[in-house]
Protein chains: 2
Amino acid sequence: MANTALLDQLMTALRCLPGVGAKSAQRMAYHLLERDREGGRVLSRLLAEAMERIGHCSQCRTLSEQELCQLCANPRRDQSLLCIVENPADQAIIEQAADYQGGYFVLGGHLSPLDGIGPKEIGLDQLQERFASGGVKEVILATNPTVEGEATAQYIHDMAQQFGIRTTRIAQGVPMGGELEYVDGATLAHAIRGRSEF
Amino acid sequence: MANTALLDQLMTALRCLPGVGAKSAQRMAYHLLERDREGGRVLSRLLAEAMERIGHCSQCRTLSEQELCQLCANPRRDQSLLCIVENPADQAIIEQAADYQGGYFVLGGHLSPLDGIGPKEIGLDQLQERFASGGVKEVILATNPTVEGEATAQYIHDMAQQFGIRTTRIAQGVPMGGELEYVDGATLAHAIRGRSEF
């Protein structure tokens, strides 16, 4: 009642951000209005620009301002090695953490027939064309270690087989620095099955 | 490196929101771009509008689209009773929780000479004029129970005394539902000093 209509609308709009509830939205709105109007204006401008101008790379489907993303346009990246990830955040994390010099293919999700997400919705037709055109020697399946991620990996593996392309899956096991006591059973079973020579 | 320049800028801009670090900003940017572009556009528009159009009420200094806020414009609110709060969020919380029918005065901070925040910066000249013009019978000091909040309350109390206006301070004591064992010493000392007849 004390709030103006516009302020209420702003608080509601802020809740479209992940992890932001009513209380945080209120705090954010008051903070911007009382202490950082310039920050609010800059954020507004960049949001509008980003929603408008950032599309998807025509080759790897990651988020990109250009037709071809920086990674795909880089001639030093080995595009015969293709790392398949579910979304751009996964790609970013691999880029930051690993010394990986190959290319990517970003699905933008995983197979989920019940939600109407089939091969086409995650760009597997485009991936198949890429396999067919030759040039890909190995596919690294880096989908999430979830039921849906595994099913998606299996589907892509089957597809790659038709073209005689080698497929590998990122290793699953106990995380670095973890304590066995706190590792779940499924992960531990995987780690033992996938044991390697010491 | 994989990120476009605009995406990086958006992530940086999102960090102007309180409680949002690098990781949350990344999650927010990806969420909006991959799953809720419409939400991003609406948020952008409302941010711009709010930063532009929401100013301060000329009477009580709270955030308001109009010259006079809804509360000050409401003839059923008793403006001879004035609740002094540090910021609009405090006012909102009192409106939601308490059955309060008086007016407000929003300081927009507290006295803090070391940070260059004197009486003028928190509108005390305007409050003094309001006292001088008559009509205010009681002032409820609802500044925060911190050192600065107490000092500010004391200052306003002294000011009100000059005009013969009654001042009260919101009660301090153990919070409802709290357990004595976990209440800090200062609060407990206050609660005992401020005890009332059972």
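What distance separates the centres of domain 1 of chain A and domain 2 of chain A? The separation is 35 Å, taken over C-alpha atoms. The legends below describe a predicted model, in which local features need pLDDT of at least 70, side-chain atom pairs count only at pLDDT 80 or more, and totals for chains, interfaces and linings use all residues. Residues are numbered from 1 along each chain as its sequence is written, chains are lettered from A and ligands numbered from 1 in the order in which they are written, and side-chain values use heavy atoms, with hydrogens and water left out.

**Figure 1. Domains of chain A.** Chain A is assigned domain 1 (5–53) and domain 2 (78–169); the bounds come from an automatic or database domain assignment. Between the centres of these two domains lie 35 Å.

**Figure 2. The interface of chain A and chain B.** Each partner is represented in the contact (heavy atoms within 4.5 Å), with 58 residues from chain A and 58 residues from chain B. The two chains bury about 5300 Å² between them, and 68% of this area is on carbon and sulfur atoms. Leu6(A), Pro18(A) and Met51(A) account for 13% of the area that chain A buries against chain B, more than any other three residues. Buried area here is the accessible area (1.4 Å probe) that two parts lose on being put together, summed over both.

**Figure 3. The largest nonpolar core.** A nonpolar core is a set of buried Ala, Val, Leu, Ile, Met, Phe, Trp, Tyr and Cys residues joined through side-chain atoms within 4.5 Å. The largest one has 46 residues, among which Leu43(A) and Leu43(B) touch the most other members. At least two residues of this core come from each of helices H1 (5–14), H2 (22–35) and H3 (37–53) of chain A, and likewise from each of helices H1 (5–14), H2 (22–35) and H3 (37–53) of chain B. Helices (H or I, at least four residues) and strands (E, at least two) are DSSP runs, numbered from the N terminus. In soluble globular proteins, nonpolar side chains tend to be buried together.

Figure 4. Not counting residues up to four places away in sequence, Leu43(A) touches Leu10(B), Ala13(B), Leu14(B), Cys16(B), Leu17(B) and Leu47(B). Leu43(B) lies in helix H3 of chain B and is buried, at 1% relative accessibility. With neighbours within four places in sequence left aside, the contacts of Leu43(B) are Leu10(A), Ala13(A), Leu14(A), Cys16(A), Leu17(A) and Leu47(A). Ser44(B) also belongs to helix H3 of chain B and is buried, with a relative accessible area of 6%. Buried means under 20% relative accessible area, exposed over 50%, and partly exposed in between (1.4 Å probe, protein chains only).

**Figure 5. A salt bridge between the chains.** A salt bridge is a side-chain nitrogen of Lys or Arg within 4 Å of a carboxyl oxygen of Asp or Glu. The structure holds 16 salt bridges over all chains, and two are found across the interface of chain A and chain B. Glu52(A) forms a salt bridge with Arg41(B), with the closest N and O atoms 4.0 Å apart. This pair runs from helix H3 of chain A, which holds Glu52(A), to helix H3 of chain B, which holds Arg41(B). Glu52(A) is exposed, at 59% relative accessible area, whereas Arg41(B) is partly exposed, at 33%.

**Figure 6. Salt bridges within a chain.** The side chains of Arg53(A) and Glu65(A) meet in a salt bridge at 2.6 Å, N to O. Arg53(A) is in helix H3 of chain A and Glu65(A) is in the loop between strand S2 (63–64) and helix H4 (70–73), so the pair ties together parts 12 residues apart in sequence. Both count as partly exposed, Arg53(A) at 45% relative accessibility and Glu65(A) at 23%. A network of salt bridges links Arg45(A), Glu49(A), Arg53(A) and Glu65(A). In chain B, Glu138(B) forms a salt bridge with Arg166(B), the closest N and O atoms being 3.1 Å apart. Glu138(B) lies in strand S5 (residues 138–141) and Arg166(B) in strand S6 (residues 166–169), 28 residues apart. Glu138(B) is buried, at 17% relative accessible area, whereas Arg166(B) is exposed, at 51%.
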